[in-house]
Amino acid sequence: MSLIDRVRQFIRDHELIRPETRVAGALSGGSDSVALASVLRDLHAHGELCLAGIAHFNHRLRPAADRDEGLAASIAAALDVPMLVDREDVAARARDEHRSIEDAAHAARYAFFERARHHFRADVVALGHTRDDQAETFLLRLVRGAGPRGLAAMYPRNERIVRPLLGCRRDDLRAWLAARKTQGDRAAEYVDDESNADVGIPRNRVRAELIPLLKGRFNPAIVDVLADEAEVARETWVWLQAVADEAAVQLVLSPEGVGDVRTIDLEALNRLPPPLRRVVVWRVMTQLARGRAVGFDHAAAALRVAASDGPSALDAPGQRVERIGSSLVLTGRPPDAVGRWNPANPESRANPESLANSANLFRYPLSIPGEVPLPQANCVVSVHAVVAADREREAIEAGAIVGNGPVAIVRSDLCRGSLAVRNRRPGDRFRPVGLGGKKKLQDFFVDRKVARRERDAVPLVVDETDRIVWVAGYGIDEAFRVTDPAQHVLLLRLKALGGSA
């Protein structure tokens with residue numbers, strides 16, 4: 001079967017596009033998106049869709065960004081398709097919004113896709129994600145921890161976004177473009193994004209290191225295996241959602257005139273199988289969260305409240321969860337209804353019914369360089385690398401070497417891979433500087449006289465193996481202590497949300 005026929009079959013199988021569908025194609029200049037543009041133009045010529053235009057977004061992050069924009073324009077001209085170009089300083093957006101570069105770029109890009117859809121009066125925007133991208137996404141989510149919802153990875157259709165090439169391999173697309181190029185096709189040129197070689201970016205590291213390892217040592221067909229697993233997870237999650245929605249109709253009540261309140265009958269809830277029980281609670285919590293992230297950890301904590309021998313209440317993102325009689329009652333609330341720990345004020349005290357007693361878990365990836373806002377703790381944690389030749393030690397507080405203040409310096413050679421920021425978990429231990437051995441984090445907090453109500457809001461910077469690097473504001477792990485002036489370091493900072501360190 002030819003590549004075009006495989007795409008046709010994928011489109012039919014997933015009901016992505018009809019002959020009357022107006023499609024805007026996203027074109028970055030890389031091989032996948034270039035192949036997508038040509039595939040869409042061929043299908044348009046055969047009356048199988050209406051290619052309304054090509055859309056290119058310039059993130060202004062790389063020196064070669066303008067070159068890519070020029071190539072995209074030449075491809076659109078060769079295909080004789082209208083083109084829309086937009087540009088944004090994504091790095092500035094990331095700084096202004098206290099987000100990582102990757103997160104800000106994703107948000108800016110998808111906002112542009114919606115603008116492009118309206119500009120071209122298109123029904124959908126087509127993206128060039130491939131089977132390889134699907135395998136990478138599956139692995140990324142697997143190593144970070146995910147259930148069927150996360151392992152479902154990318155959907156062929158997500159509202160107004162479609163991915164017609166999700167059944168194709170990247171190598172097949174490149175071979176197809178090479179054949180067209182030998183035939184004089186001026187729309188078959190593409191560029192390789194040099195940032196793809198940066199293995200500091202988790203997806204690139206999966207692509208460059210993990211997948212080749214799995215392919216060479218375990219299974220030569222690993223990409224197809226992982227992509228198939230993503231499809232199974234997607235089908236499982238879609239089914240589970242449908243069953244959960246049906247169950248929720250029977251056991252979740254919304255009392256009239258009471259506002260954002262949901263009451264769940266505990267007897268009926270406990271009759272459900274555990275996976276279905278968790279999904280029902282998670283979906284109700286998500287409805288009340290007003291856009292805040294609700295994880296399965298939060299749902300699990302709510303189910304502990306539902307148990308007769310569990311805590312009677314907890315505060316979760318955007319809501320209060322309580323066991324009242326034979327019901328689990330979830331009450332939505334505005335963002336500022338719960339007290340927060342303020343790292344800029346050590347004497348501050350959170351609401352005693354909030355984080356410390358709530359199992360209000362959080363975990364966020366932390367790019368290097370980058371920063372992550374923590375609304376649960378009303379603070380921001382940032383990191384950037386400092387080389388020995390450009391040391392900022394003189395400007396760093398004396399406590400930075402042990403990290404018992406708002407700034408810490410740690411060995412960058414031991415922080416390879418991704419960092420994350422989370423709050424404490426049962427059993428957490430680390431080696432405080434000077435102690436000479438491991439200590440339970442719980443005991444460490446007691447020794448430092450950290451109030452019980454504040455402990456769940458203290459950010460912990462951890463490495464990719466979940467080893468604690470810095471208990472933000474209180475101390476680093478001995479293993480990460482800088483002992484040689486020639487060592488390159490990472491500079492970690494803690495500041496209040498909207499404030500300074």
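Let me begin with the term salt bridge, by which I mean a side-chain nitrogen of Lys or Arg within 4 Å of a carboxyl oxygen of Asp or Glu. What we have here is a predicted model, in which local features need pLDDT of at least 70 and side-chain atom pairs count only at pLDDT 80 or more, while totals for chains, interfaces and linings use all residues. Residues are numbered from 1 along each chain as its sequence is written, and side-chain values use heavy atoms, with hydrogens and water left out.

The structure holds 37 salt bridges, and one of them joins Asp315 to Arg320, at 3.2 Å from N to O. Asp315 is buried, its relative accessible area being 6%, where buried means under 20%, exposed over 50% and partly exposed in between, using a 1.4 Å probe and protein chains only. Arg320, at 18% relative accessibility, also counts as buried. Elsewhere, salt bridges with shared partners join Asp32, Asp133, Glu136, Arg170, Arg203 and Arg207 into one network.

Another pair is Arg180 with Asp42, whose closest N and O atoms are 2.9 Å apart; this pair links distant parts of the chain, from helix H8 (residues 170-182) to helix H2 (residues 31-45), 138 residues apart. Helices here are DSSP runs of H or I with at least four residues, and strands are runs of E with at least two, numbered from the N terminus.

Turning to helix H12, residues 274-288, its 15 residues should span 21 Å at 1.5 Å a residue, and the end C-alpha atoms are 22 Å apart, which agrees; the expected span is 1.5 Å times one less than the number of residues. Buried residues in H12 include Trp282 and Met285, and just after H12, Arg290 takes a positive phi of about 55 degrees.
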